[in-house]
Amino acid sequence: QVQLVESGGGLVQAGGSLRLSCTASGRTFSSYTMGWFRQAPGKEREFVAVISQSGGILRYEESMKGRFSISRDNAKNTVYLQMDSLKPEDTAVYYCAADLRSLSSIIGSNYGMDVWGKGTLVTVSS
């Protein structure tokens with residue numbers, strides 16, 4: 001299937017911004033619904049955002065809507081997560097994921113994505 005590689009994580013002060021990138025290889029990127037998830041230390045993985053194959057439909061976890069923005073550039077086989085107004089509680093490993101199903105089907109299955117990247121660490125200091 002597709003291989004996913006995340007980048008862009010690092011250390012940032014509270015209130016700052018980061019842009020994460022996820023580059024895919026192995027298949028045509030536009031065939032995949034793409035999503036971002038995160039896992040904080042000692043906590044379960046949680047949903048962040050998802051984008052449809054064409055980029056026309058976006059969905060966000062409620063607490064992140066307005067601060068985070070997902071986008072994709074199919075010509076570059078890349079999906080992005082722009083994170084603004086970062087808070088210490090945003091500290092986590094952020095994972096990129098891909099699935100050939102439609103966005104609606106993925107949401108209906110509680111975001112059971114088929115392919116996952118290895119993650120990139122985001123640390124937000126007070």
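A charge sits over a ring if NZ of Lys or CZ of Arg is within 6 Å of the ring centre and within 35 degrees of the ring normal. R45 is one example here: its charged end sits over the ring of F37, 5.4 Å from the centre. Likewise, R72 lies over the face of F29, at 4.4 Å from the ring centre.

A word on the basis of all this. The model is predicted, so local features need pLDDT of at least 70 and side-chain atom pairs count only at pLDDT 80 or more, while totals for chains, interfaces and linings use all residues. Residues are numbered from 1 along each chain as its sequence is written, and side-chain values use heavy atoms, with hydrogens and water left out.

Now to the rings themselves. Rings of Phe, Tyr and Trp (its six-membered ring) pair if their centres lie within 6.5 Å; planes under 30 degrees apart count as stacked, over 60 as edge-to-face and the rest as tilted. The whole structure holds four aromatic pairs. F37 belongs to strand β4 (residues 33-39) and Y111 to the loop between α1 (103-108) and β10 (115-116), 74 residues apart; helices (H or I, at least four residues) and strands (E, at least two) are DSSP runs, numbered from the N terminus.

Y111 also pairs with F47, this time stacked, with 4.0 Å between centres and 20° between planes. Because F47 lies in strand β5 (residues 46-51), this pair ties together parts 64 residues apart in sequence. F37 is buried (under 20% relative accessible area; exposed is over 50%, partly exposed in between, with a 1.4 Å probe and protein chains only), at 2%. Y111, at 17%, and F47, at 13%, are buried too. Ring pairs link F37, F47, Y111 and W116 into a cluster.
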